[in-house]
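Hi everyone, thanks for coming. I'd like to walk you through one structure today, so please have a look at the screen while I talk.

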Amino acid sequence: MRQARSSRWGLAVLAALPFAALAADAKPWQLNMGRGVTASAQHAYDAHMLALIICVAIGAVVFVAMAYAMFKFRHSKGAVPDTSFTHSTKLEVMWTVIPVILLVIMAVPATAKLIAMYDTRDSQMTVKVTGIQWMWKYEYLGEGVEITSRLDRESDRLRQNPATTRAELDAHPAYLLDVDNPLVVPVNTKIRFVITADDVIHSWWVPALGWKQDAIPGIINEAWTEILEPGIYRGQCAELCGKDHGFMPIVVKAVSQDEYAQWLAAQKAAGQAPADPSQVPEDGDGTAPRSIDPDMVDDVQQGEEPAAPQAPTAAPADAASAG
Ligand SMILES: [Cu+2]
C-alpha cells in the first residue's frame, strides 16, 4: 500500500517535470534515474524519489524565505539590522529536530530495502559471474552450461580501425554496448549471482537491475535479481580494470521461462559435443558452451592450460610405470 502510494508519487513528479525517464536502459541526456526492471531497482528508484522530493521542498522553502527577506527587509525601505541578536533556542531546536525527522523518514524504507537486496535465500537458480580482462564468463551452476561473453566483433572492428567514420559508429545500434553471447535468464525467477574475478577487480553492473557488485579475485560476492519484464538490458564493467576496461560490456537477455528452458536445453545439447579447442574457429564462434575460444585463451590466460575436458591419459601411464 505504502509502496503503491510512493510509486504514484514518483509518477506524479515525473509527469510534472519536463522529462520522462521510464526506459530501463539510460538514454542520452536522460536526467532522472531509470526505474529499472526489478523490484530492487524500483525500490532504489522510490528511495531516490523520496529523497529528491524532500531536497526540492527544502530548497524551495530556503530560497523563498531568502528572497522574501531580501525584498521585504531591504535597506531602501529603512530596514535596520538587529545587532543585538545572538541566538534563538526555539529556532535551534527546530533546525535540529526537523532534519532528524526527515532523515528517519528516509532511513526506515531505505534500510528495509537494503536488507531485502542482500537476502539471496530461496533463489531458484544460480549464475556464477567471473570477470576476466576483458570479458565475462557465466556459469549456470548445476546445469553444466558455461558461456563467455565479450565485446561484439563489429564494435571491436570499428574501435580498432583508425579509418572508422562517425556515420559508421552511428549506424551500429549498440556500439561498444553489445556482446557476442548475452547472459540469457528467465523472467519472474529469483536468480542468485555469485561474482568473482580471475585477474584484477572488475565490477558487474547492469543499471536496469538496480545494483552493482564488485568482482574480486579470491572473493565470492553475492547478489540476486528477479527481472519482471522480458527485454535486453545493457551494462558495463564499473571498476577500472586495465586498458580495455571500457570494452567489456554486459548484455542481459531476459526471456520467458519457456524460452529459457529451450535455450538451456539447446546449450546442453551443444555442450555434449567434444569440446576440442582445435575445433573452434580461429576467431572463436563464441556460441558453443563449454568450448574454449583459443583466441581468448591466448589473449587472457597467456599460456595457462585450457579448462577443456581432457582424455584420461594419466591413468594407463601410471599403471604402466607401476607394473
Ligand atoms: Cu573490468
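Let me begin with a question: in which loop is Trp134 found? Trp134 sits in the loop between β1, residues 125-132, and β2, residues 135-140. Please keep in mind that this is a predicted model. The peptide bond that joins Gln133 to Trp134 is cis, with omega at about 0°.

β1 and β2 run antiparallel, and six bridges join them. If you want a pair to find on the screen, take Val129, which stands opposite Tyr138 in β2.

Next, two residues with backbone angles worth a look. Leu176 is not a glycine, yet its phi is positive, near 70°. You'll find Leu176 in the loop between α5, residues 166-171, and β4, residues 183-186. Is Leu176 buried, exposed or something in between? Leu176 counts as partly exposed, because 18 other C-beta atoms lie within 10 Å, and buried would take 20 or more.

The second one is Asn188. Asn188 also isn't a glycine, and its phi is positive at about 50°. Asn188 belongs to the loop between β4 and β5, the latter being residues 191-197. With 13 other C-beta atoms within 10 Å, Asn188 is partly exposed; a residue with 12 or fewer would be called exposed.

Finally, something from the records. An unreviewed UniProt entry lists residues 50-71 and 92-118 under "transmembrane region". How much of each span is helix in the model? For residues 50-71 the figure is 100% helix and 0% strand, and the end C-alpha atoms lie 32 Å apart. For residues 92-118 the figure is 96% helix and 0% strand, with the end C-alpha atoms 39 Å apart.

Notes: Residues numbered from 1 in each chain as written. Predicted model: local features only at pLDDT ≥ 70, side-chain atom pairs only at ≥ 80, totals over all residues. Helix = DSSP H or I, 4+ residues; strand = E, 2+ residues; numbered from the N terminus. UniProt positions renumbered as here; feature names shortened; annotations may be inferred. Pairing = 2+ DSSP bridges.
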